[in-house]
Amino acid sequence: QVQLVESGGGSVQAGGSLRLSCAASGYSVSSYSLAWFRQAPGKEREGVANIFSGAISPKYDDSVKGRFTISRDNAKKSVYLQMNNLKPEDTGMYYCAAPSHGISYGRALKEEEYDYWGQGTQVTVSS
């Protein structure tokens, strides 16, 4: 049984930083890409960042490029999202997601490509 458990969310002021963690169990973290999504109140869930299992560079949504960094630790079966210079529009529930198959670069931030989801961790950024 695959389980993804996020942690690290919280409340910060604009310009602050947070580091989200996602611990996986029952899943081969080294085999496929992993991703972070977020959902703001009243909005659809959107892809934030994806990290591939191979040497391909991570993919980021334009809204977070230069501010967020995704990384993974295969030994710890974990993926991380370092978020710097946070803005109020970054507020939302952040989810870790994993697929059961390989994903192309162009589909890396598409929600429908992912089969396993964590319960989410809340990030609130105040101005």
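Let us start with three rings: Tyr 27, Tyr 32 and Tyr 116 form one aromatic cluster. Rings of Phe, Tyr and Trp (its six-membered ring) pair if their centres lie within 6.5 Å, and planes under 30 degrees apart count as stacked, over 60 as edge-to-face and the rest as tilted. Before going on, please note that this is a predicted model, in which local features need pLDDT of at least 70 and side-chain atom pairs count only at pLDDT 80 or more, while totals for chains, interfaces and linings use all residues. Residues are numbered from 1 along each chain as its sequence is written, and side-chain values use heavy atoms, with hydrogens and water left out.

The structure holds six aromatic pairs. One of them joins Tyr 27 and Tyr 32 in a tilted arrangement, 6.4 Å centre to centre and with 45 degrees between the planes. Tyr 27 is buried at 9% relative accessibility, whereas Tyr 32 is partly exposed at 30%. Here buried means under 20% relative accessible area, exposed over 50%, and partly exposed in between (1.4 Å probe, protein chains only). Another pair, Phe 52 with Tyr 105, is stacked, at 5.7 Å centre to centre and 20 degrees between the planes. This pair links distant parts of the chain, 53 residues apart: Phe 52 is in the loop between β5 (46-51) and β6 (59-60), and Tyr 105 in the loop between β9 (92-98) and β10 (116-117). The strands named here are DSSP runs (E, at least two residues; helices would be H or I, at least four), numbered from the N terminus. Phe 52 is buried, with 6% relative accessibility, and Tyr 105 is partly exposed, with 43%.

Rings also meet charges. The charged end of Arg 19 sits over the ring of Tyr 80, 4.1 Å from its centre, and Arg 45 lies over the face of Trp 117, 3.8 Å from the ring centre. For this, NZ of Lys or CZ of Arg must be within 6 Å of the ring centre and within 35 degrees of the ring normal.

Now turn to the strands. Four of them form an open antiparallel sheet in the order β1-β3-β8-β7. Its edge strands are β1 (3-7) and β7, each pairing on one side only. Two strands pair if DSSP finds at least two bridges between them; β1 and β3 (residues 18-25) pair over five bridges. Leu 4 stands opposite Ala 24 in β3.

Which charged side chains meet? The structure has seven salt bridges, each a side-chain nitrogen of Lys or Arg within 4 Å of a carboxyl oxygen of Asp or Glu. One of them joins Asp 90 and Arg 67 (2.7 Å, N to O). Asp 90 is in the loop between β8 and β9, and Arg 67 in the loop between β6 and β7, 23 residues apart. Both Asp 90 and Arg 67 are buried. Another bridge connects Arg 107 and Glu 112, with the closest N and O atoms 3.1 Å apart. Arg 107 is partly exposed at 31%, and Glu 112 is exposed at 56%. Shared partners join Arg 38, Glu 46, Arg 67 and Asp 90 into one network of salt bridges.

Finally, look at the backbone. Most residues other than glycine have a negative phi. Lys 77, in the loop between β7 (68-73) and β8 (78-83), has a positive phi of about 50 degrees. Asn 85, in the loop between β8 and β9, also has a positive phi, near 50 degrees.
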